[in-house]
Amino acid sequence: MRKFIDICVLLSAIGIVDAIDGDYATVEVNNYGNFEYVDVKLTDIPCDIKEGSELLFTEDKDNQRVITCLPQK
């Protein structure tokens, strides 16, 4: 069973894709120095990703989670 962590309470956090398994990406999120793993549906990520891809998690004015893909290095 996948453990889901509610990241909607974050103002902003950067995550790195650790693994892709089926329809989910496991993302390591740096939450102000505390590292957590979050399973994110691939359909919620607005770009093509691979292991090592960086994502920015923020909230919009309606407190909805927004995922932004950061440029690949």
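Is C47 buried, partly exposed or exposed? C47 is partly exposed, because its relative accessible area is 28%; buried means under 20%, exposed over 50% and partly exposed in between, computed with a 1.4 Å probe on protein chains only.

## About the model

This is a predicted model, in which local features need pLDDT of at least 70 and side-chain atom pairs count only at pLDDT 80 or more, while totals for chains, interfaces and linings use all residues. Residues are numbered from 1 along each chain as its sequence is written, and side-chain values use heavy atoms, with hydrogens and water left out.

## The disulfide

You will find one disulfide in the structure, where the term means a pair of cysteine sulfur atoms within 2.5 Å. C47 and C69 form this link, with an S to S distance of 1.9 Å. The angle about the S-S bond is -95 degrees, making the link left-handed. Distant parts of the chain are joined here: C47 sits in the loop between strand 3 (34–41) and strand 4 (54–59), and C69 sits 22 residues away in strand 5 (residues 65–69). Strands are DSSP runs of E with at least two residues, numbered from the N terminus.

Like C47, which has 28% relative accessible area, C69 is partly exposed, at 24%.

## A buried serine

The loop between strand 3 and strand 4 also holds S53. S53 counts as buried because its relative accessibility is 2%.

The side chain of S53 has a polar atom 2.9 Å from the backbone oxygen of K50. The side chains of S53 and Q72 are joined by a polar contact of 2.9 Å; such a contact is a pair of N or O atoms within 3.5 Å, and within protein one must be able to donate a hydrogen and the other to accept it, with residues adjacent in sequence counting only if both atoms are side-chain atoms. Leaving aside residues up to four places away in sequence, S53 touches G15, I16, V17 and Q72, where contact means heavy atoms within 4.5 Å.

## The nonpolar core

V17 also belongs to the largest nonpolar core, a group of twelve residues that includes A13, V38, I45, L55, F57 and I67. Such a core is a set of buried Ala, Val, Leu, Ile, Met, Phe, Trp, Tyr and Cys residues joined through side-chain atoms within 4.5 Å. At least two residues of this core come from each of strand 1 (12–21), strand 2 (24–31), strand 3 and strand 4. Strand 2 gives the largest share, three residues.

Terms used. Helices (H or I, at least four residues) and strands (E, at least two) are DSSP runs, numbered from the N terminus.
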